[in-house]
Amino acid sequence: MDDETIAMFEQNLSGNLYKLWNRMASGSYFPPPVKQVEIPKAKGGTRKLRVPTVSDRLAQTVVKLMIEPIFHEDSYGYRPGRSAKHAVAVTHGRCWKYDWVVEFDIKAAFDQIDHGLLLKAVRRHIKADWILLYIERWLTALFETADGTRLPRVRGTPQGGVVSPMLMNLFMHYALDTWMQRHFPQCPFARHADDAVVHCSSEAQAQEVMHAIASRLAECGLEMHPEKSSIVYCKDRSRTQAYPNVTFTFLGFQFRPRRVMTRSGQLSTSFLPGVSRDVP
């Protein structure tokens, strides 16, 4: 928004940091508007990023480092020591143990998070009033579109901010992760931000889980993406029944039946991941 680069900020680093600290410590820091930038998606449409200023990113980083909570063990997105590769590896192993997978994506998750529910989750973990104050200000900061129009935000956490991924994980921790533990403890899952897979033992269980998750997301103000959610049969050499959907894509990897060579030198079929053709 202010056209200041990191290099420009560093030209008066100590002075800029002191000014930022002084404002945050006194409660007089108000986040400036974020700049909305639209980038194209691989399958069409655009993703709206809302980019904070350099100083605001520093302020958000301070808060993030202080309050990084402990999430569910199968939450892999935007967390130290965990990554998309870990989520794919865990999913790979579970596809051998469970016949069915429910894959789903949440439609415009970052843009649709309910502020009231999110702040309720935040207050459960954070007791410092100054941190709560600034999180609420970041959530409601104006954003400026490409034509210079400044608009208020009543839902969502801006994708592009430093603190936003942590807030997304915190929201989903209660909206999905702990809910799954209570209602479907026999169905392991892996979630990376708004993209997830759940493993089931039967088609009937998969249908029940998918319907229940869709209802749960709706209760929390979110929507399961109709075009990116499905029930998949993990077909391999021992699972020979005929079902129309035997492939899914998770975090850039396509899981499907693949021809493999066994240790005895014979051709067989295994349900394995491979880099998706849709990955640019």
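The model is predicted. The chain has 280 residues, and 46% of them count as buried. Its secondary structure comes to 9 helices and 11 strands.

**The whole chain**

- The C-alpha trace spans about 70 × 35 × 35 Å along its principal axes.
- The accessible surface comes to about 14800 Å². Carbon and sulfur atoms account for 53% of that surface.
- Take the contacts between residues at least 6 apart in sequence: 65% of these join residues at least 24 apart.

**Helices H8 and H9**

- Helix H8 covers residues 164-183, and helix H9 covers residues 203-219.
- Their axes come within 10 Å and cross at roughly 150°. An angle over 145 degrees counts as roughly antiparallel, so H8 is roughly antiparallel to H9.
- The crossing of H8 and H9 is right-handed.
- On the H8 side, the contact uses Met-172, Tyr-174, Ala-175, Leu-176, Trp-179 and Met-180. On the H9 side, it uses Ala-212, Ile-213, Arg-216 and Leu-217.
- By class, the H8 and H9 contact has 9 nonpolar residues, no polar ones and 1 charged one.

**Helices H6 and H8**

- H8 also meets helix H6, which covers residues 115-125. The axes of H6 and H8 come within 9 Å and cross at roughly 95°.
- Angles of 65 to 115 degrees count as roughly perpendicular, so H6 and H8 are roughly perpendicular to each other.
- H6 brings Leu-117, Leu-118, Ala-121, Val-122, Arg-124 and His-125 to the contact. H8 brings Leu-167, Leu-170, Phe-171 and Tyr-174.
- This contact of H6 with H8 has 8 nonpolar, 1 polar and 1 charged residues.
- Tyr-174 of H8 takes part in the contact with H6 and in the contact with H9.

**Helices H2 and H3**

- Helix H2 (residues 13-26) packs against helix H3 (residues 54-67) at an angle of about 55°. Their axes are 11 Å apart.
- That angle makes H2 oblique to H3.
- The crossing of H2 and H3 is right-handed.
- Leu-17, Leu-20 and Met-24 of H2 meet Ser-55, Leu-58, Ala-59 and Val-63 of H3.
- The classes in this contact of H2 with H3 are 6 nonpolar, 1 polar and no charged residues.

- His-173 sits in helix H8. Its relative accessibility is 10%, so His-173 counts as buried.
- Leaving out residues up to four places away in sequence, His-173 touches Ile-70, Phe-71, His-72, Thr-178 and Arg-191.
- Met-224 lies in the loop between H9 and strand S8 (230-233). At 12% relative accessibility, Met-224 counts as buried.
- Beyond residues up to four places away in sequence, Met-224 touches several residues, including Phe-104, Asp-105 and Ser-229. Other contacts of Met-224 include Met-210, Ile-213, Ala-214 and Leu-217.
- Met-224 and Ala-214 are 10 residues apart along the chain, and their C-alpha atoms are separated by 5.7 Å.
- Phe-253 is in strand S10 (residues 253-261). Phe-253 counts as partly exposed because its relative accessibility is 25%.
- Phe-253 and Pro-273 are 20 residues apart in sequence. From C-alpha to C-alpha they are 5.7 Å apart in space.
- With residues up to four places away in sequence left out, Phe-253 touches Val-88, Phe-248, Pro-273, Gly-274, Val-275 and Ser-276.

**Two alanines with positive phi**

- Most residues other than glycine have a negative phi.
- Ala-108 has a positive phi of about 50°. Ala-108 lies in the loop between strand S3 (100-105) and helix H5 (109-112).
- Ala-108 counts as partly exposed because its relative accessibility is 39%.
- Ala-193 has a positive phi near 60°. Ala-193 is in the loop between strand S6 (189-192) and strand S7 (195-200).
- Ala-193 has a relative accessible area of 2%, so Ala-193 is buried.

Technical notes. Residues are numbered from 1 along each chain as its sequence is written. This is a predicted model: local features need pLDDT of at least 70, side-chain atom pairs count only at pLDDT 80 or more; totals for chains, interfaces and linings use all residues. Side-chain values use heavy atoms; hydrogens and water are left out. Axes are lines fitted to C-alpha atoms, for helices over the stretch in contact, and angles run from 0 to 180 degrees between N-to-C directions. Helices (H or I, at least four residues) and strands (E, at least two) are DSSP runs, numbered from the N terminus. Angles under 35 degrees count as roughly parallel, over 145 as roughly antiparallel, 65 to 115 as roughly perpendicular and the rest as oblique. A crossing is left-handed if the near helix is turned anticlockwise from the far one by less than a right angle, and right-handed if clockwise. Contact means heavy atoms within 4.5 Å. Ala, Val, Leu, Ile, Met, Phe, Trp, Tyr, Cys and Pro count as nonpolar, Asp, Glu, Lys and Arg as charged, and the others, Gly among them, as polar. Buried means under 20% relative accessible area, exposed over 50%, partly exposed in between (1.4 Å probe, protein chains only). Accessible areas come from the Shrake-Rupley method with a 1.4 Å probe; for residues, only the protein chains shown count as cover.
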